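Let's take a friendly look at the salt bridges in this model. Here is the structure to keep beside you as you read.

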Amino acid sequence: MRQKQKKTGINWEKRQFELASALFYHDLRHTADKSPSSQIENWPLYVRVAAEMAVEAAGKFIREYRRSLGGKDTGGSCHAP
């Protein structure tokens with residue numbers, strides 16, 4: 001099944017997934033470095049919340065980025081996140 005893409009040829013769903021993944025892993029690495037190991041019992045809850053927040057943040061970023069592009073046809077030269 002192929003997804004419909006606009007003139008830019010950018011797969012925005014893939015971009016959003018990649019951004020959410022990067023945010024999620026960055027947050028996990030940062031937390032693992034900064035939090036005490038005694039909080040390991042809360043880890044499953046933290047991972048779930050961190051994933052939800054990363055998906056939400058990535059979605060908002062992509063929507064705002066696309067809105068900032070407006071109707072411009074970037075012709076593949078767009079430096080999308």
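The report below goes through salt bridges helix by helix.

## About the model

This is a predicted model, in which local features need pLDDT of at least 70 and side-chain atom pairs count only at pLDDT 80 or more, while totals for chains, interfaces and linings use all residues. Residues are numbered from 1 along each chain as its sequence is written, and side-chain values use heavy atoms, leaving out hydrogens and water.

## The overall count

Searching the whole structure gives 4 salt bridges. The term means a side-chain nitrogen of Lys or Arg within 4 Å of a carboxyl oxygen of Asp or Glu. Helices here are DSSP runs (H or I, at least four residues), numbered from the N terminus.

## Helix α1

In helix α1 (residues 12-34), E18 and K14 sit 4 residues apart, about one turn of the helix. Their side chains form a salt bridge with an N to O distance of 3.9 Å.

How accessible are these two? E18 is partly exposed at 37% relative accessible area, and K14 is partly exposed at 49%. Here buried means under 20% relative accessible area, exposed over 50%, and partly exposed in between (1.4 Å probe, protein chains only).

## Helix α2

Helix α2 covers residues 43-69 and holds both E52 and R48, 4 residues apart. This pair makes a salt bridge at 3.1 Å, N to O. E52 is partly exposed at 45%, and R48 is also partly exposed, at 45%.

E64 and R67 also lie in helix α2, 3 residues apart, and their side chains meet in a salt bridge at 2.8 Å, N to O. E64 is partly exposed at 45%, whereas R67 is exposed at 57%.

Definitions and conventions
Helix = DSSP H or I, 4+ residues; strand = E, 2+ residues; numbered from the N terminus.
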